[in-house]
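This report concerns a single protein model, described through computed geometric features. The sequence and coordinates are shown first.

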Amino acid sequence: MLAPTEQIVDGDGVRLRVIEAGDRGAPVVVLAHGFPELAYSWRHQIPVLAQAGYHVLAPDQRGYGGSSAPESVDAYDIHALTGDLIGLLEHVGAERAAFIGHDWGAMVVWHTALLHADRVSAVAGLSVPPIPRARTRPTQRWREKFGEDFYMLRFQEPGRADAEMAADVTATMRGMFADLTGPDAPSGWISDEEFDHYVAEFSRTGFTGALNWYRNYDRNWETTPHLVDARITVPALFVGGTADPIAPTMNPARAREVVAGPYTEKWVEGAGHWVQQERPDEVNRILLEFLREVQSS
């Protein structure tokens, strides 16, 4: 079995730093991290999935960590982000893969199942459920529902949030992890060494690439009108934490409006937003059960 290694994969105008583990030729599983995370966020899942017989690919997505960070905001739209993941399949010579994403990565894999349906054997999203295409422009909807101070609206202005978050990366990351951690998370769910890894990476890269994902919400909506009637037909899984503070902005009850194939919803009691890091054993069990069912069907 191929032990976890780091490599650089050249894609469509970007280079991605990828953690790879497992045997080439085995069923491929692509892991897509969220904000503000890294491929490192899957450190508890990568060896377990590889040991279970999967070929695992976990990239630092564009704008993050050791991957390219294009200057243009438009370079971070949903077409580019999903294209990066499909490019990983081309790199290893795989026709299809199971795609698993967390947070923003969940949005990317849900869209991968819509935009590149022929390359997806199964899809799972953690913390962010599949939701149907919005009827109105995202920024307009946020203003009406949450007000001008909604964090995703604050992220829209280039430079402002970037500078605020980079001014004290330690405080930024500590606040993000603390504010979104569930009350039942083990006290040592992230060690000092693990926390320092995030701080070191974001101190080096800053947050602009990551924030540019948010600055494409309206563009993503404008460029995907053809998805209004699109449906996910492959097996799909949503995993949420019952204590996730961002849950009020989501609506998993509408999942069936976009998922037409087999769909499973699992909740981790007391877990917060960082569910795969807070409760890795439980999440690993859920993911392995899902993947085995997909393989046997």
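## Basis of the model

The model is predicted; local features need pLDDT of at least 70, side-chain atom pairs count only at pLDDT 80 or more, and totals for chains, interfaces and linings use all residues. Residues are numbered from 1 along each chain as its sequence is written, and side-chain values use heavy atoms, with hydrogens and water left out.

## Salt bridges

Side chains of opposite charge can pair when their charged atoms come close. A salt bridge is taken here as a side-chain nitrogen of Lys or Arg within 4 Å of a carboxyl oxygen of Asp or Glu. Across the whole structure, 18 such salt bridges are found.

One of them joins Arg-17 to Glu-201, with 2.5 Å between the closest N and O atoms. This pair links distant parts of the chain, 184 residues apart: Arg-17 belongs to strand β2 (residues 15-21) and Glu-201 to helix α8 (residues 192-205). Helices (H or I, at least four residues) and strands (E, at least two) are DSSP runs, numbered from the N terminus. Arg-17 has a relative accessible area of 18% and is buried; Glu-201, at 11%, is buried as well. Accessibility is classed as buried under 20% relative accessible area, exposed over 50% and partly exposed in between (1.4 Å probe, protein chains only). A network of salt bridges links Arg-17, Asp-60, Glu-201 and Arg-204.

## Two further pairs

Asp-162 and Arg-215 meet in a salt bridge at 2.6 Å, N to O. Asp-162 lies in helix α6 (residues 160-166) and Arg-215 in the loop between α9 (208-214) and α10 (217-222), so the pair ties together parts that are 53 residues apart in sequence. Both Asp-162 and Arg-215 are buried.

Arg-143 pairs with Glu-148, the closest N and O atoms being 2.9 Å apart. Here Arg-143 is partly exposed, at 41% relative accessibility, while Glu-148 is exposed, at 54%.

His-273 sits in the loop between β8 (263-268) and α11 (275-278). Its relative accessible area is 1%, and His-273 is therefore buried. Leaving aside residues up to four places away in sequence, His-273 touches His-102, Asp-103, Ser-127, Leu-180, Asp-244, Pro-245, Ile-246 and Glu-278; contact means heavy atoms within 4.5 Å.

## Helix α12

Helix α12 (residues 280-296) contains 17 residues and reaches 24 Å from its first C-alpha to its last, close to the expected 24 Å at 1.5 Å a residue. The expected span is 1.5 Å times one less than the number of residues in the helix. Buried residues of α12 include Pro-280, Asn-284, Phe-290 and Val-294.
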